[in-house]
Amino acid sequence: MEDYILVEGFKHIRHQQQSFLEKEMIERTKSLYNWMDKRRSVRHFSNKDIPIEVIENIIKTASTAPSGAHKQPWTFCVIKSANIKKKIREAAEEEERKSYESRMSDVWLNDLKPLGTNPDKAFLEIAPYLIVVFKRPFEYGESGEKHQNYYVNESVGLACGFLISAIHHAGLVTLTHTPSPMRFLEKILKRPDNERAFLLLPVGYEAEKAYVPDLNRKSLEKVMQIY
Ligand code: IYR
């Protein structure tokens, strides 16, 4: 027999979150932290293929994120085609060159120096998959009227966090690439006019010899305030 209540005429089903003993909870949270702390934004990819089922599972995980009024205002475009990856790389590098040469301030360029980034985006062609995340600021109703979505940036940002965690959980690597402006992605992928490019993530195995900047994370004392 199904267990439910009605709230203003809408069905609310019974939910029972699995919980753990305190000792177990401490172990689990420690172990997740240790694993997540190993995640790095990686720019050196292997071109080794990965099963599409892995990509599907990763995207299903991202799509479990909470969203404003449960509108799920996102679309994840998966690119495997070498031809489309090449188009994306060429367009991204063109924008990036302009950014690095004139659009970014000296302070910004200086802040990026430790990361060693530059307008060359070879990873866009090397990684076996690119995931381009689109946000959907509004939806079209039955008769073509527009319905705004809510907290779109927050919702899609959360889904991207879930996506990045799922990629790391699979033992794969990614980085959050934000070529700016990103309108070229809407054009190349022929997206509908209610979608705006939000983030581009190459996904794949790490290259055999990969390097990342030697960075430290802020200490707990710096990022947490207890009241
Ligand atoms: N979008 C550029 C520049 C860039 C900006 C930030 I803020 C970074 O953390 C890293 C890169 C690029 O992808 O190179």
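Reply: Let's start with a term: two residues are in contact if their C-beta atoms, placed from the backbone, lie within 7 Å. Helices here are DSSP runs of H or I with at least four residues, strands are runs of E with at least two, and both are numbered from the N terminus. Residues are numbered from 1 along each chain as its sequence is written. Keep in mind that this is a predicted model: local features need pLDDT of at least 70, side-chain atom pairs count only at pLDDT 80 or more, and totals for chains, interfaces and linings use all residues.

Now for the pair itself. Helix α2 covers residues 52–62 and helix α6 covers residues 152–169; they pack at an angle of about 145 degrees, with their axes 8 Å apart. Those axes are lines fitted to C-alpha atoms, for helices over the stretch in contact, and angles run from 0 to 180 degrees between N-to-C directions.

Who meets whom? On the α2 side you'll find I58, T61 and A62, and they meet A159, F162, L163, A166 and I167 in α6. That contact has seven nonpolar residues, one polar and no charged, counting Ala, Val, Leu, Ile, Met, Phe, Trp, Tyr, Cys and Pro as nonpolar, Asp, Glu, Lys and Arg as charged, and the others, Gly among them, as polar.

To place the pair in its setting, the protein chain has eight helices and seven strands, and its C-alpha atoms fill a box of roughly 60 × 55 × 40 Å, taken along the principal axes.
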